[in-house]
Amino acid sequence: EKHPGVTVTAEFVGSGAGVEAVSNGTADIGNSSRNLKDEEKADGVAENIVAIDGIAVVVDAANTVEDLTKQQLSDIYEGKITNWKDAGGNDAPIVVVGRESGSGTRSAFEELLELEDVCKYSTGAVMAKEASTPGAIGYVSLDVLDDTVKAVKLEGAEPTEENIKAGSYFLSRPFVMATKGEISEQNDLVKALFDYIYSEEGAEIVKSVGLIAVDK
């Protein structure tokens, strides 16, 4: 609306196809919800991180567990650990709550834990179930956390924006807008779009959809 002389055409494909389109010159920008692979970078594709997605693991407020390892979290969602006593908590069954199929948060969670298609859980309104179900565990985007539930530490790190930016909290992933070559090498329209994304106004849009803006 502010730039009527510019048309941005978006095609919705997977991260790999987006990066490939940049690599072979059929797109100016390839969006990817993961870091670029070494072979993609070797092909001259630049990784421009524009936002970070953080995922918090939440339990009911009465749960005594404060911290989980990556292995414990994987085992819980794979159905290998079914009682909190085997994860440092009280003797109580674990009620595993997940997101609906097609949820971006679910896709990211399962991808980061390398658990695609093997998670054992019921789907539902995660925050409501967490707050009202003893022994429940679930995951939500960082921006919807509130005090009705308790967010656990993962590998000793709290799910905070600072820890995610520092890389100490592992349940996070970058949102990348890849280009063939650095941004400075792109045409003026592409450079203008990146200027907008990295501006204060762009950062507000990033935050409005529940992501973490990056410092630029």
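K150 counts as buried because its relative accessibility is 16%, under the 20% limit. This comes from a predicted model. The side chain of K150 meets that of E66 in a salt bridge, with 3.2 Å from N to O. The pair links distant parts of the chain, 84 residues apart. K150 belongs to strand β8, residues 149–151. E66 sits in the loop between β3 and β4. E66 has 49% relative accessibility, so E66 counts as partly exposed.

**Salt bridges**

How many salt bridges are there? The count comes to nine. Three of them are described here, including the pair above.

| Salt bridge | N to O distance |
|---|---|
| D53 and R173 | 3.3 Å |
| E66 and K150 | 3.2 Å |
| E161 and K165 | 3.6 Å |

The side chains of D53 and R173 form a salt bridge.

E161 and K165 pair up within helix α6, residues 161–166. They are four residues apart there, so about one helical turn separates them. E161 counts as partly exposed because its relative accessibility is 36%. K165 counts as partly exposed too, because its value is 35%.

**A nonpolar patch**

The surface also carries a nonpolar patch of about 270 Å². V6, V8 and L189 make this patch. V6 comes from the segment before α1, a helix that covers residues 15–23. At 37% relative accessibility, V6 is classed as partly exposed.

**The whole chain**

The protein chain has eight helices and eleven strands. Its C-alpha atoms fill a box of roughly 60 × 35 × 30 Å along the principal axes. Of the 216 residues, 43% are buried.

The accessible surface of the chain is about 11600 Å². Carbon and sulfur atoms account for 48% of that area. As for charge, the chain has 19 positive and 39 negative side chains. The centres of these two sets lie 2 Å apart.

Terms used
Residues numbered from 1 in each chain as written. Predicted model: local features only at pLDDT ≥ 70, side-chain atom pairs only at ≥ 80, totals over all residues. Heavy atoms only, no water. Patch = residues over 30% accessible without salt bridge, like charges linked within 9 Å, V, L, I, M, F, W, Y side chains within 5 Å. Areas by Shrake-Rupley, 256 points an atom, 1.4 Å probe, with all protein chains shown as cover. Salt bridge = Lys/Arg side-chain N within 4 Å of Asp/Glu carboxyl O. Helix = DSSP H or I, 4+ residues; strand = E, 2+ residues; numbered from the N terminus. Buried < 20%, exposed > 50% of the residue type's maximum accessible area, 1.4 Å probe, protein only. Lys, Arg positive; Asp, Glu negative; His and termini not counted. Charge placed at Lys NZ, Arg CZ, Asp CG, Glu CD.
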